[in-house]
Protein chains: 4
Amino acid sequence: MASTRVAVVGATGYTGEELLRLLLHHPAVQLTYLAASAKWERPTPVSDVFPRFVTHLGCSDLLIEPLDPARLLKASDAVFLALPHGEAMKLAPALVEAGKRVVDLSGDFRLRAPSLYPQWYHLDHAAPAWLTDTRVAYGLSEWCREAIMKAKLIANPGCYATSILLAVLPLFHAGLVEDNAFIVDAKSGLSGAGRKAETSLLFSEMSQNLRAYKVNQHQHMPEVLQGIEQFTRRQGRMTFVPQVIPVHRGMLSMIYLRTRATLEDVMAAYQRAYPAERTPFVRVQAGRLPELCDVVETNRCDIGIMHDGSGQLIIASALDNLTKGASGQAVQNLNLMLGYPETAGLV
Amino acid sequence: MASTRVAVVGATGYTGEELLRLLLHHPAVQLTYLAASAKWERPTPVSDVFPRFVTHLGCSDLLIEPLDPARLLKASDAVFLALPHGEAMKLAPALVEAGKRVVDLSGDFRLRAPSLYPQWYHLDHAAPAWLTDTRVAYGLSEWCREAIMKAKLIANPGCYATSILLAVLPLFHAGLVEDNAFIVDAKSGLSGAGRKAETSLLFSEMSQNLRAYKVNQHQHMPEVLQGIEQFTRRQGRMTFVPQVIPVHRGMLSMIYLRTRATLEDVMAAYQRAYPAERTPFVRVQAGRLPELCDVVETNRCDIGIMHDGSGQLIIASALDNLTKGASGQAVQNLNLMLGYPETAGLV
Amino acid sequence: MASTRVAVVGATGYTGEELLRLLLHHPAVQLTYLAASAKWERPTPVSDVFPRFVTHLGCSDLLIEPLDPARLLKASDAVFLALPHGEAMKLAPALVEAGKRVVDLSGDFRLRAPSLYPQWYHLDHAAPAWLTDTRVAYGLSEWCREAIMKAKLIANPGCYATSILLAVLPLFHAGLVEDNAFIVDAKSGLSGAGRKAETSLLFSEMSQNLRAYKVNQHQHMPEVLQGIEQFTRRQGRMTFVPQVIPVHRGMLSMIYLRTRATLEDVMAAYQRAYPAERTPFVRVQAGRLPELCDVVETNRCDIGIMHDGSGQLIIASALDNLTKGASGQAVQNLNLMLGYPETAGLV
Amino acid sequence: MASTRVAVVGATGYTGEELLRLLLHHPAVQLTYLAASAKWERPTPVSDVFPRFVTHLGCSDLLIEPLDPARLLKASDAVFLALPHGEAMKLAPALVEAGKRVVDLSGDFRLRAPSLYPQWYHLDHAAPAWLTDTRVAYGLSEWCREAIMKAKLIANPGCYATSILLAVLPLFHAGLVEDNAFIVDAKSGLSGAGRKAETSLLFSEMSQNLRAYKVNQHQHMPEVLQGIEQFTRRQGRMTFVPQVIPVHRGMLSMIYLRTRATLEDVMAAYQRAYPAERTPFVRVQAGRLPELCDVVETNRCDIGIMHDGSGQLIIASALDNLTKGASGQAVQNLNLMLGYPETAGLV
């Protein structure tokens, strides 16, 4: 594989750090430019910022520097944007126009209707025309490989959205969801909140705690409903209770829905959606629900199915919010865009 | 308040330890006999077993000793049994016959039908006639104070059962639950599993993990359904997904059900069930879901209600599995039996 | 016991919260005024700020309000100051002049030499004359009860200082420390850093981490050396390596020093310093080192001693940094000042 | 690199699991045989035992099976033994005689004097002649590469021993340790205790705890002293206080010793011992002490040095007890034995 020059913008957050963890070992990628925000104080060796990346791989002289758009353009062929919401929408269009492949890990290009941004992201979109531009693809890898391969800008899905869509799309696609309604009781590790200085995220607040937040108001909710509509042409109805639990990484969405189908029909729908030979990162099992430890630090989504015999389905969808829920899927999408094997650099 | 001589049998488990924590400070109780199982090696000062109970309260010369039924009878007026399932059914009847007040924290007297024990507890009941004996009361304090006050033997409810029943009984009572059906996505601290040497409970297995277990097969399930029938004469239908999360203590049951009632009607049902002046340990709030840290080390159950406006209710019921879910409610029940203030020794 | 009207200023931090936990149950204290800082937004019921303090004790209508010095003076007879360093030095003198008993939990009155403040606290002292005022006492309860009983303002010791001084003073007093030198390898729970919005204290940063900080530069270091000089007239030499570990509360100082004394001589020195009947909160054991769980949520300091037979002593001193290391000792000191039993409200 | 057929015996413990994590991605290794103990129930796919190793790498059909020595011999060229103490001494000699390269991760071949085994391991050695056999080498990679390259059986060092020896050997070698004496205050993650069903290792016991154990009695103590003698011809004197803290993996040994050397001399000794180009896995820094998160999941040992200017050195040596402290160093040693690059398969 030829090597692609890759930049990471937002390298000091949790998803940025996870991108480094993956890309330092990617066989066809050369990290050439790492930026924090423009406010970052001064160029700093990556091994000072993240000593665990001191390495014999020859990358220890990489610097993390204040974002300089001109240097970014010059130094990279592909760019990961791992910035807070509202930042990528200002940067990405120019990068695409300049011929870069871009994977954006924020929510800035996920929703197609500009009018949704004020409600769900509390901001007006700075580049609304791009939301429906043909060069942009939603990056749920298993469901839109072809679009991703042709796209220049990937809207990498949200962590909750990935775990929920991978679990419910096969059932919606097969028309097996009664009333198109489902309930999601989701639990996330605290890295999902980002490396932010907030007292509610302190060790002392959370080490023995569980907290629900943004009930039916989380910004991944319209993303899930849009995804159901995009991939199955159905209108889903969702009850969504996100919760944080005292783990660093990992996410499990417990999904409740009713069906008239048998377990066999349900499993057949999953097998059609995720043939083992084509979807190495999705595993579906009947009768066993995954634990977080089954997926942490992998790019897999593990889905477990239980059917109570009288119409109630219980679906557990587990993934690592930093890997398949963010940076791992972002690398998977870069692989697709660049024509590399989908699994390059991923486990 | 006159002082009652109290014994704890099973003092070395988590619920036994919690009983000690509470009873050492109870204004009307004198701890006079502490036993582990009959296999416990030799009498050991409680302050050697639990150094945190070294205390200036004058109890540090208490011993924990191998269970000796004769000494138990002689030394106590009231007995807490905090033993594994299957043990209390052999001990409690004789204690009651000897005139002791008994609070059993196991499942041994919770289910009224002996036939349920093989299925849910994997044992045949050794004293089936006692399950419906008039001297026995189910100890869900807020729902059967009168029965508890008259009883000699209290079947102290399970932790999940307490958190679920306190949350759903007012709605079943008012007939507000569509199809009498509800879903419980419950998360428990690991102390709920007891102080047992099992690799699945090791720090290294659980410190960054979440695990569902006994889906629709947990022994608190028939207890909940029996409680709904006992207190509201309705037949509930329950989907139950218990999960362990990496906290020591605390439990949150997230309950999903559909209703045709408005939020006002729902709250009115709770207020009728739990008038503030009579139920100091239950608090119900609309619009805010409790966190674990709101209730840990208290005897309270905090219930939060959200209504999505189109028929879906989300109810979070939080308590400390060792306190209101076990030993605290046990003390509350002893208070009721002995005519003490219901809150004596509890916060 | 007559009841004293007590105020807590700084009620929303970890030591303030711990003061509430203790004082809500203190038999001779009535909480009459709770303030955060002057920047606190608006009066808020304590049960909204800390739902776990919803209580049947009749205190749930207490408010936490923005600090108003006039109201503070009017509403209280005794005041706990639980503020960041630099704040109490501005408030305490006027409170004392107005006849209040004051316990300050910050470092503002701990060091007697004003010149030490710029170096160790990075500030100039605003009331330097008070550092040696006769109305001020250093509040290491077990070592200066008489001074505390006469004082108007207590400089409540630091958490590390308490754990170290209680462990080494008996040996310095008896002249058993070779070269007067000792090494302290101390581990603290993260609550010691306060409820501060800093990324280094996030759950995700610390949940699987250990970090040394302020090596030989921690502000409790001159406090320890001053305490050794004050109580034993000796000049100690200390190597100090404080570390944070992923627990919420609890502190263990592992102390290494050399001695020519036998273990019997060493234990005799401790027994003279801490006779069981007079020092209910200090326990010393030979041959067993305490664990954190032995002391968490108690006001005790547990000290374990091991002697290797060739001159090396290993001393583990464990306490709860929020209780004996801060708020518990503060209550103990208030008890002493007010003539209450030293153990009132404490376990 | 040609591919070597590798077996792991003891694949279900923490060090066995870590070997799988590393070897699944090793460029020159083919895993051909995985065994638990002979008591393991039946052959089970590795992806059922460890779902996180479900993988697209083509290894998901690997089985973990009850140990069958005949199959082990037939299926492998090199063998990792990751068994409890006392087991490898029965297996390893025959494997070596049969021409296999063996890396033993237990303590069975670490101590050269058979007489030490009853005292430190509580067993009589079953193959005492092998302790000094020329085919055996102690596997502290950085200090005996040549011996390892020639050996057939590697005694892979203990985790504490690795972290301590890497830190003190350069100073002993240079003669910079006053009185040849040092103190080690070591903190280990709980995986160091192995995947053992013991109540003292439960999440509920340890999640907010710290516990010292085997003070001056840990079996890595004679290993450290032997290593000092072997590599520097000096007799060290060691005070050793191992402690467990609530993390899964990671170890930090805080070492205190006195020296007459300057910091420059000290650093020069380290630089001579660990030239960057030859020792990619050891990093030494003055003035900054490593945190656990700097090394977790890497094969590095990070050493930080502070000198107080008056003779006291503080040395923090951090590594991952499962990687550089066990399985990572084991792979490093296999690489040396087989002539692969020392860093193959390691980061």
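Q: How many salt bridges does a search of the whole structure find?
A: The search finds 85 salt bridges over all chains. A salt bridge here is a side-chain nitrogen of Lys or Arg within 4 Å of a carboxyl oxygen of Asp or Glu.

Q: Which side chain does C:Glu205 meet in a salt bridge?
A: C:Glu205 pairs with A:Arg195, at 3.0 Å from N to O. C:Glu205 lies in helix α8 (residues 203-206) of chain C, and A:Arg195 sits in the loop between β9 (181-188) and α8 (203-206) of chain A, so the pair joins two chains. Helices (H or I, at least four residues) and strands (E, at least two) are DSSP runs, numbered from the N terminus.

Q: What kind of model is this, and how are things numbered?
A: This is a predicted model: local features need pLDDT of at least 70, side-chain atom pairs count only at pLDDT 80 or more, and totals for chains, interfaces and linings use all residues. Residues are numbered from 1 along each chain as its sequence is written, chains are lettered from A and ligands numbered from 1 in the order in which they are written, and side-chain values use heavy atoms, with hydrogens and water left out.

Q: New topic. What rotation superposes chain B on chain A?
A: A rotation of 180°, with 0.0 Å of shift along its axis. The RMSD is 0.0 Å. The two copies are thus related as by a two-fold rotation axis. In chain B, the C-alpha of B:Pro246 is nearest the axis, 3.2 Å from it.

Q: How much area do chain B and chain A bury between them?
A: About 2600 Å², with 61% of it on carbon and sulfur atoms. In chain B, the residues that lose the most area to chain A are B:Gln208, B:Leu210 and B:Tyr256, together 21% of what that side buries. Buried area is the accessible area (1.4 Å probe) that two parts lose on being put together, summed over both.

Q: How many salt bridges cross the interface of chain B and chain A?
A: Four, by the rule. B:Lys187 forms a salt bridge with A:Asp185, with the closest N and O atoms 3.0 Å apart.

Q: What about chain D and chain B, how many residues are in contact?
A: 19 residues of chain D touch 19 residues of chain B. The two chains bury about 1500 Å² between them, 62% of it on carbon and sulfur atoms. D:Leu202, D:Phe203 and D:Ser204 supply 43% of the area that chain D buries against chain B, more than any other three residues.

Q: How many salt bridges are between chain D and chain B?
A: Two. The side chains of B:Arg195 and D:Glu205 meet in a salt bridge, 2.9 Å from N to O. Helix α8 (residues 203-206) of chain D gives the most to the side that touches chain B, with four residues.

Conventions
Copies are superposed by least squares on the C-alpha atoms of residues with pLDDT of at least 70 in both. Contact means heavy atoms within 4.5 Å.
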